[in-house]
Amino acid sequence: MSVTEELQATIGDLVDGRRGILAADESIGTIAKRFDAVGVDPTEEHRRFYRSMLLSTEGLGDYICGVILFEETLGQSDGAGRPLPELAAGAKIVPGIKVDKGKGPLAGAPGDMITYGLDGLAERLDSYREQGARFAKWREVYPVSPHNPTRLGLTANAEMLARYAAVCQSRGVVPIVEPEVLMDGDHDIQRCAEVNEQVWHEVFHALHRHGVVLELMILKPSMVTPGKECVSRPAGGAPPEQVAEHTVRSLRRTVPAAVPSINFLSGGQGPEEASANLNALNQLWHAPWQLSFSYGRALQEPALKAWAGREENSAAAQEALLKRARLNHLAMRGEYSG
Ligand code: 13P
């Protein structure tokens, strides 16, 4: 198979109109925080057990088409010695890999961030591919304030995403391009829409400059919502119809129809909130892109709570994960109800 054929085959497996992506790629530090919240020690064995439990959920492949793994997980096996990427692939779930190396302050742009990890990326991708990964994810983060993102922040972050995506495509790995506009802050939904439009506009400009083939990538954006501390934000989140309207309007203005799928991140929305918003998005309008999910917390939170580090809770945890996966699959069809 040529590189393009490989990319096309992976897009075909990831974009089928009914399934979404499970983000299980928390870094060592982030998963430690999630484990801490349910009283679990952040050991390598606990991470292995937890993630192999998620991936061995019976029927998960009916609703989940891909899983984003952390580097460590790519080399781990289940209790029977089966490598976890193989376990996923056996369940019709394409294994993917987070390839960025975290973030830090962007010099010259106070308040903005930048992500690391381009050095040696081509070689790393080759070895991830050998371990079974067929797509990758890279996240740039945009804090919102009256001054952020700055013009420099917008261009520098877009450039990173485009360089990453171009390298991925040259190695036969489908890039998920993730510009995350953070929910932290007291900004209103209009300000969030304005920032997301600036971000997406800049990202697609950079993707074009770097020759990234839009048909062979996936966009993983935030939804347009009011900031978490916005005074007019109801406790459970803004009304789904409002989120959907703003999100679709901003996407239409900035994202070319050639992109096959938009898989939203949950970014701190609760599990029900994330499903209700995705549902409203799919009810609102027949979009040129598939509108799907690539949730981390919104899929895993109930499962993590049910598990709480106890092997005997595994069945309950798997049931909780399968339930959220199924509800988000319904939301992709606009058929979710509470
Ligand atoms: P959340 O859905 O928890 O935001 O995670 C998605 C993700 O991959 C963040 O990089």
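Trp138 is in contact with Val99, Asp100, Thr115, Leu161, Tyr164, Pro175, Val177 and Glu178, once its neighbours within four places in sequence are set aside. Keep in mind as you look around that this is a predicted model. The chain has 338 residues, and its fold is built with twelve helices and ten strands.

**Around Trp138**

- You can find Trp138 in strand 6, which covers residues 135-142.
- Is Trp138 buried or exposed? Trp138 is buried, because 25 other C-beta atoms lie within 10 Å and the cut-off for a buried residue is 20 or more.
- Asp100 is one of the contacts of Trp138; the two residues are 38 apart along the chain, yet their C-alpha atoms are separated by 5.2 Å.
- Glu178, another contact of Trp138, is also one of the residues surrounding the ligand.

**The nonpolar core**

- The largest nonpolar core has 98 residues.
- Which of its members touch the most other members? They are Ile64, Val67, Ala136, Leu161, Ala165, Val174 and Val203.
- Helix 7 (residues 151-170) gives this core its largest share, ten residues.
- Ala165 touches Pro175, Val177, Leu207, Val212 and Met217, leaving out residues up to four places away in sequence.
- In soluble globular proteins, nonpolar side chains tend to be buried together.

**The ligand's surroundings**

- Which residues surround the ligand? They are Ala23, Asp25, Arg139, Glu178, Leu265, Ser266, Gly267, Tyr295, Gly296, Arg297 and Ala298.

**The chain as a whole**

- The radius of gyration of the chain is 19 Å, which agrees with a compact globule, because 338 residues packed that way would have a value near 20 Å.
- Along its principal axes, the C-alpha trace spans about 50 × 45 × 40 Å.
- Of the 338 residues, 49% count as buried.
- Among contacts between residues at least 6 apart in sequence, 81% join residues at least 24 apart.

**Confidence in the model**

- The average pLDDT of the chain is 97, and 100% of the residues score at least 70.
- The model's scores are ipTM 0.88 and pTM 0.97.

Definitions and conventions:
Residues numbered from 1 in each chain as written. Predicted model: local features only at pLDDT ≥ 70, side-chain atom pairs only at ≥ 80, totals over all residues. Near = placed C-beta within 6 Å. pLDDT = per-residue confidence, 0-100. Core = buried A, V, L, I, M, F, W, Y, C linked by C-beta atoms within 7 Å. Buried ≥ 20, exposed ≤ 12 C-beta atoms within 10 Å, placed from the backbone. Helix = DSSP H or I, 4+ residues; strand = E, 2+ residues; numbered from the N terminus. Contact = placed C-beta atoms within 7 Å. Rg over C-alpha atoms; globule rule 2.2 N^0.38 Å.
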